[in-house]
Structures are given as structure tokens and as C-alpha cells.
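Please read the following points alongside the coordinates. They are set down in the order in which I would go through the structure.

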Amino acid sequence: MPKQTFILNGKPVTVNVNDDVRVLWVLRDLLGVTGPKYGCGINVCKACTSHLNGKAFNPCSVKVGDLKRSDKVTTIEGLPATVGAKGEDLHPMQEAWLELDVAQCGYCQPGQIMAAVALVKRVRREGRGITEADLDRIRNVCRCGTYVRIREAIEKGARAMR
Amino acid sequence: MTALEHDQQEAPEGGLGRRGFLGWVMAGTTLVVAADLGLTRTAATAAIPSLPQVPEIYDLEDLQTDAALPTANLITVTIGTDGTASFALPRMEVGQGIVTSTAMILAEELDLPVEKVKVTLAPARPELLFNQLTGGSNTTFSTFTPIRVAAAVARRRLLDAAAIQLGTTVDRLTTTGGIVSDTLGNTVTYGDLATSAASQVVEAVQVLLKSKPDYQVIGKPRNRTDAREAVTGRKKFTTDLDVPGALPTMVCRPPEHQGSPKRVRNKARVLTMPGVTHVAMVDTGVAVRAKTFGQCIDAIRELEVDWNRGTVSGESDQTVLAKLKAQELPMVVPQVPVLAQQVDTRFEFMFRSSAALEPYAAIADVREDRAEVWAGLKAPIVAQGNIAAATGLRQDQVKVNVVTGGGSFGHKLFGDHAIEAAKISKAMGVPVKLMWHRVDEPRQGRLHPMATSRVRATMLAGQVLSFEQRHTSVTTDFSHGLGEMITSLADELPTGLGGLGFAETIFTLTQELPYNFGVVTQLLNEPLEFEDKFSTGSMRNIYSPDTCVAAELTIDLMAKKAGKDPMQFRLDHVKNKRVRAVLEKVKKEGSWGRTMPKGMAQGVALHKEYKGATAVLVEIDCRPQTVNRDLGKETYTGPRVTKAVIAVDCGLVINPRGVEAQMQGGFMDGLAMTLSASNHLRDGRFLEGSWDNYFYTRQWNVPPEGVEVHIVDPGSDTPGGVGEAAVGSSAAAVACAYARATGTLPTRFPINHGQVRFKPKSFVPSLPASPTNGLKKTY
């Protein structure tokens, strides 16, 4: 069986599994990293949103064999460390989520937070701020309907992200 | 109105006596106290007028009788030596916030910081009978008193122990933050007292509950106790649990709704596929167990299965609608004067999927002589019984663990997932972690039934003489326990309900038109021909979102006929002060009547249920540039609600922040039901397959000017329900605004149902392949 190696939340990991298994199942079923959630398996609900080399991606639609040894996969579990947070400290976007008490059932929220962080970084790369249109285009489904608080938290989290 | 006035008006049995209750100290190594979960009902039926003293409600006779009651059906609170209080809530947390509000209630009565209260979810406890069902927005209403009684018993017992330890008397002690202090400044913690306060025998204790003016925790906004777990990804849902040997399992399902497998043609070949360990046929389909869910999907796509037809083979939306129409009950218009005007309306409501974002999932480990199941279950006792029946075990051999759910909306009232997982585990002889694919949910999962609602109102010279509503629905499945609950309470139900079926009884118990409209009749008919044809259930409200839309749209037409403003017409006819208060609140906060551009309009609606009332005012934009805005593939945009203002009276508020969240979420559900979310039935199959077909709201549907929530305090000292309270009036307000903005009365909901806006996913194979182009879609 092929060996799959990539960097997960800052540490290299190797898994014995076929190339065509999607990264979501490698994370959840083989590595026990359960922050990224299953909501559709076809990249429409975005519950599994994580980061690949700092950009948002959906592991349900990437074959593990397509990852390079140097590819850095970050899930919600590894998000605080990307800003140098130590111990129980959180990423500013997670803090904003706590302050606004965004979550209800919480199932979609890891994906929502990862999408929000990627959005802030993208608009920064484009040299601009977040617009209403940017928020409208976020596709992550929240079946509890926490959308209003998500919008407020993104703006708050963005202000706290340096 | 002051709290006192309110009490005098609405609670004649009020006064001190309502706070006196009986609880128990249980035998244990640390302090364990208990209360009867049936307390609320007992208190409510003890309609003894104004008795100010404890003994007059609970005298010695009562005490002796009650103390002899079997204690098995009690809920217990345990004080640990670490100073924490632990409580296993016999309800299910699905995001509605009851773990947080329950911790607050306990903390209040115990004088303990909320952080030191540990609330978990109780496994199925058959001895609780009907008292372990999470539904009907009833949790806080039904558990408020019993939980406080248990906490008060604990506090009283801790004080007794502290008095001995500090060499003083209880009346010289105070409690704050889990610490007991005497007048000299000596202190002792609850943790220190946990062992000495313990009892070796069970004894009955009388307690007086804290009164409302003394509340420190209840009524103050508090963030969810599980928020940190949620935002760090540490919160565990069923599929996140690591049960040894329980490998991923999925089911290849029939193309037709509720079809069944006949024969698997290539089982041996599929068993050789990567990761696959087992293939087994059960009544609902062909199950595959593998090392990863991805390999289950791949294997299911390869399976060749012969299928039996489904229960609605050949049926489509139109044929079901025609059958409903043929069964609509007649109106019985009372005799009205010749000059009376009539408003006649008829509305159709399509099937909707109640599935949450977490699909049905359950872990099952079924052995020869026992079974253990883990799942999100709102009626775990019923599931336990069903699992026992399905596996040939006795109910006491089945352990059912209740796992916090990733949403429910009525879906997890049913144990479909847990029962199916148990059957598969039994068939395979190994533990399984079953998960439904998203595609399985709208096609085979529980649906809110299709229904029609007719209304006829008669008016004379601006006066409303009668208002009749006839609701006709595909059978709603109540086999999750509500049905049995009704049977057991048959003797206690209000007169006039005798002889009604479950559905009609529930309809009658939930429908209340909050207006003075002369002779009002609201009736339900669920034709028998639909029984067991569709997999149904209620979706965040039972009948109310549909009946409310029909009624409120009709009221707008009545107002028009009377030459009145819709808001004023409602205010002129509201039945009581509480309803008026929420309506006036949205009128003011939402600036009712403000000028809007052509193609935009306001709408207002009102709903009364769950011991409270909710009014919603929205503004909608139906201009072409908005309706046709393009946000790319797999989106449905449509009319946009630009602003929503909600006023809710839900009685005593435990956690205002939780209420606000429930209102905002309930609003999004109402919005989806009116504008965009439905299932299409074609030739016995439901076309929708995933979130790119089933248009629940997304960010592009969120009102850009916000969803404002105003809590109107009625001065009540008992809580109402909030989980479903906003849905009906939100759905109706959006419908009313849409009708006013477009100048056309919508008659079928959701309004976009007429057009199928997607290419249906394949039925054979039953699951779509996961894409592989994710690296091209990073951002």
C-alpha cells in the first residue's frame, strides 16, 4: 500500500492508504483528526473547510495522493499555532467567535472559522478590506442559521488579525 | 405591569406556596439529591387558591405518601469533593442551548458559579417513561421546577452540614460562589462539605425555592458552556467518537422513496475492494463497512443491487396534491347576513427535508446477549425499545447513549439511524459506525409532510364574523413517543379532544389563533391513504409554520377588504395584552409603514404558541436586480429579505443570549420555508440530493440590515419555549411582505418550487463520487 506523507498541523505524518482516498477520510478515519466535519462529501456544504499552505480548501474533494510531502495541511486543531498561540490560547478569529457566542450546535463552526480566516487573508493579499459582497459569497452552510453572528464575528476577528 | 400584578392576573394559585416543594436526599458517598421530573405537572394541577405556607400544600400526610414513592424516576444532582455539581439531563442538546440554560438554573439555586456545574446528557432511562423526549420546545418549561428543587435540596443539605462544621446555625450562614460563610467570616467550600452532607438513607426534604427578585444568574446573558469546545473542533459528535472496532459504514439505498433491496448481484467482488470488510443486506438497503467512509462510498458506487419498488412508486407532487385536495374538509360557515363579505384562500405547502447538517449517524455494537448504541436521539427510550425489537434482545439488554447532536430540527426525534445501525451490526457481527450520506437524507430521510391549508373568513361592515381554517396533510409520523404520551394522558386532556387521533389531538393542542375573529374553527385532516407511505415527521414546529402562513396571508386580504392597514387591522383584533405587546414592539422598532421603493415592502405576522408569542416584521426586496443576482453555480438567490425585526415574549427568560440565537436561527428556517427550501417528488423519487439542490439559506439570504431581536418581558415567573417559537411568524411575515412587494398572492410554498433549478444526481449508483478537483478551488 502506498505511503502518503504530508505536513499536518506543523508535523509530518505518514499514512498507508491508496492514493485516491480523499484527504477528509485520511484525517478523520485514519488519523483521528475530527475537527473537519462531513456534511456532503461533494464540496458544496464546506463543513470540512481546512487550510492547504495557508489557503482554504475542502479535503472532501482532494485525493491524498495529490498532496506533496511539503504540503502543509492545517485543520481547526492547528489554527491557533499558525499565529504562534501557545497552550490553550486561541486564534483571534476563534476568540471573536467566543465573544459573539456564534455557535449553536457547533457542527459547521470549525469550517466556518477556517473559511473566515482564509477570507481575511485573501482580501489582505488583494490589498483591500472585507465587503458585504465577500460575506454574501461564503458558501458554508449553517443549518442552525447562525449567519448573522458569523458576519459580525468575521469583522471582529479580522480587526484582531495582524 | 409589575410582577405582582401579573401574578395576580394570570396565576391565581400564586404566592409563596408556589415555591415550596418536596425533594429527596439520596444515599451516597458524597451528597446526591433528587427531584421528581413530574413536579411541574403536579404543581400545575394543584390548583389550590392562594395558600401562603408550605405545609398547606405539602402536609405531613402528603409527605409520607410522597416519600414512599419509588425513587427510580428521579433526576439527581451530585455534589463532588471538588466542589462541582453534576447533573445528567434527560434531554438532548442539539444546539438549542439547554445544557447552558440548565447549568444556569442549577447554578442559580445552588449559589455556585456556572463554570462549576457539569451538565451531561443522560442515557436512555426507561423508568422515566414519557419524561425523556426533547421536542415541542418543552425542555425548559418542563424541567425548570424539578431541577431547581433538586438544587435547593442540595444547598439546604450543604448548609446543614456547614452549620455543624462551623458550630453555628443555618440561619447565620450565607452561600456565594460555592462557599458557605458564617457571620464571623469563617468559610467552608461545597467540596469540603460534599462528603459530610451525604446521607446513608433516602430521606424526603422540604425546600423553598429562590424567588425571582433574588435571581443572580437567571435572566443574565451568558455564552454557551460548550462554545470553546465548538470553536476548537473538540466538541464530539457521534462520528467523532472512537468506539473500538466500530469502522465506517454506509448504506446503498433504493432509488425510490422507501424502496427495499431484493438481491445483491456482486457482493463477492465488492468485498475485494480496498478497505472493505463487510457487505450485508438489511431492510433499508445494502450496508458496506470499510476502513474509511470514502471507501464505503466507492464500494456503494460499485454495488449491483436489484430493488423492490418504493411505497409511493409512480407518485409525484401533482398526484399527491390532487389526493390531498380531494380529501379537504368542508367549511361550515355559520349563518351570516346577506351583505357579508367573504375572503377565501387556499395554499399548498411542499415536502421539506428536516435533516440537520450532521446527517443521521449512529454507532452500534450488537452482541448475542447485549447491545450498546451511541447516537443523537431526542426520544432515546423509544429508540431503545425499537432496537431491542429489531435485534431480538430485551430492552434492558440495550444500552443507549445519547450524544450531543449537530442540529436536529425534529429529525432526531426518530431513531431511524440507531435502529438501522443496530440491525447492520447484528447482520455483520461486528461494531459499526453508521453515517448516512448527505444524498440519503432528502431522498430517504424524514420529511415535513406536504399539506394544503384553506381559510374562509366572513366580514360585515369591517367586523370579522368567522374565521375557518382547514388543514389537510400527508400523515405526520408521531411514533417517536408523542403519540404514546397522548394515549397515557387521555383522561387528563381537555374535554372535546376525546376520539381524535394523535395528529388531530396535537393539531388542536398547538393551534391558537391570537385574534378575535368571531367564530374560529381550525381543523386538521390527515387522510388515511397516506399512512406509512412517506417517511415524515415535524420540522422545527409541527403544523404551525404552514397554518401561520395561510392565516396571516388571509388576514392581510381581510385588512385590505376592510380598508385597513395590515398592522392596524391586527392590533384591532388581537386577543390579549401579551400578543399586543409583541406586535406593538415590532411596529415601533421596525418603523412600520415607512416608505419603500417599488418592488420592496414590509410584512408583519404574529404567532402564539409555547406559552408565549412572537411577532415578526420584515422588509423584502423583490426587484429584478436583486432577485436575479448571480452568485455562480449551485446557488439560488431570489428575493432578499433586507431586514427582520422580531419581538418575542417567551415568559421568564433564562438566558437572553440563547433566546436571541433561537430567534435568529428560527427566522432563517422560516425564510427558507417560504422562499426556497423544498423537495420535489417525481415518479416515486425525491430529486434533491444535497445542499446544492436543497436550498436552505446561505449567507446570500441573510438580511444585510440584520435580524433584530427584542425580548418583551411579560413579568412571568415561569419559562416558555423558544426553539420553535420564531419559525411560524417568520415564514408568514416573509410571505406577507412578498405578496405586498409583488402585488400577487403566493399560493404555493416555497415560492420557487415550480421550477427544478438543478440536474438531479444519479439514483443508481445511489451516491455521487466525491470530486477530485479540490486543489483547483483553494482560496
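1. The buried residues of helix α10(B) pack against α1 of chain A and, within chain B, against β10 (247-252), α9 (267-271), β12 (276-282), β13 (285-290) and β20 (432-435). The helix, which spans residues 293-302 of chain B, is mostly covered, with 8 of its 10 residues counted as buried. These are Phe293(B), Gly294(B), Gln295(B), Cys296(B), Ile297(B), Asp298(B), Ala299(B) and Ile300(B). Please keep in mind, here and below, that this is a predicted model.

2. As to the interface between the chains, 60 residues of chain A are in contact with 63 residues of chain B. On the chain A side, two or more residues come from each of α1 (23-30), β4, α2 (92-99), α3 (109-125), α4 (132-136) and α5 (147-160), and α3(A) gives the most, with 5 residues. The side of chain A that touches chain B is made up, by class, of 30 nonpolar, 16 polar and 14 charged residues.

3. Chain A itself has 5 helices and 5 strands, and from the N terminus on its elements follow the order β-β-α-β-β-β-α-α-α-α. Its radius of gyration is 15 Å, close to the 15 Å that the globule rule gives for 162 residues, so chain A is as compact as a globular protein of that length. Its C-alpha atoms fill a box of roughly 45 × 30 × 30 Å along the principal axes, and 58% of the 162 residues are buried. Of the contacts in chain A with a separation of 6 or more, 60% are between residues 24 or more positions apart.

4. The domain assignment divides chain A into domain 1 (3-76) and domain 2 (81-160), and the centres of these two domains, taken over C-alpha atoms, are 20 Å apart. Their contact takes 18 residues from domain 1 of chain A and 14 residues from domain 2 of chain A. On the domain 1 side, β3 (50-52) and β4 (55-57) each supply at least two residues, and the residues of that side divide into 6 nonpolar, 9 polar and 3 charged.

5. For chain B, the domain assignment gives domain 1 (3-226), domain 2 (238-311 + 360-435) and domain 3 (318-339 + 346-351 + 447-749). The contact between domain 1 and domain 3 of chain B takes 23 residues from domain 1 and 27 residues from domain 3. At least two residues of the domain 1 side come from each of α1 (3-10), α5 and α6 of chain B, with α5(B) giving the most, 4 residues. The residues of that side divide into 9 nonpolar, 12 polar and 2 charged.

6. Helices α5 (residues 98-110) and α6 (residues 139-166) of chain B also deserve a look as a pair, for their axes come within 8 Å and cross at roughly 35°, and the crossing is right-handed. Among the residues that make the contact are Ile98(B), Ile105(B) and Leu106(B) of α5(B), and Phe144(B), Ile147(B) and Ala151(B) of α6(B). By class, this contact has 9 nonpolar, 5 polar and 3 charged residues.

7. Lys611(B) lies in the loop between β25 (600-609) and β26 (612-621) of chain B, and it counts as buried because it has 20 C-beta neighbours inside 10 Å. Apart from neighbours within four places in sequence, Lys611(B) is in contact with Phe141(B), Gly651(B), Gly720(B) and Gly721(B).

8. Some backbone details remain to be inspected. Most residues other than glycine have a negative phi, and most peptide bonds are trans. A cis peptide bond joins Phe749(B) and Pro750(B), with omega about 0°, and the peptide bond from Val764(B) to Pro765(B) is also cis, with omega near 0°. Pro750(B) is in the segment after β31 (748-749) of chain B, and Pro765(B) lies in the segment after β31 of chain B as well.

9. Positive phi values occur at Ser591(B), near 45°, and at Asp683(B), near 55°. Ser591(B) is placed in the loop between α19 (577-589) and β25 of chain B, whereas Asp683(B) is found in the loop between β28 (681-682) and β29 (685-686) of chain B. Ser591(B) is partly exposed, with 14 other C-beta atoms within 10 Å, and Asp683(B) is partly exposed, with 14 other C-beta atoms within 10 Å.

Methods: Residues numbered from 1 in each chain as written. Chains lettered and ligands numbered in written order. Predicted model: local features only at pLDDT ≥ 70, side-chain atom pairs only at ≥ 80, totals over all residues. Domains from an automatic or database assignment. Contact = placed C-beta atoms within 7 Å. Nonpolar A, V, L, I, M, F, W, Y, C, P; charged D, E, K, R; others polar. Rg over C-alpha atoms; globule rule 2.2 N^0.38 Å. Buried ≥ 20, exposed ≤ 12 C-beta atoms within 10 Å, placed from the backbone. Axes fitted to C-alpha atoms, helices over the stretch in contact; angles between N-to-C directions. Left-handed = near helix turned anticlockwise from the far one by under 90°.
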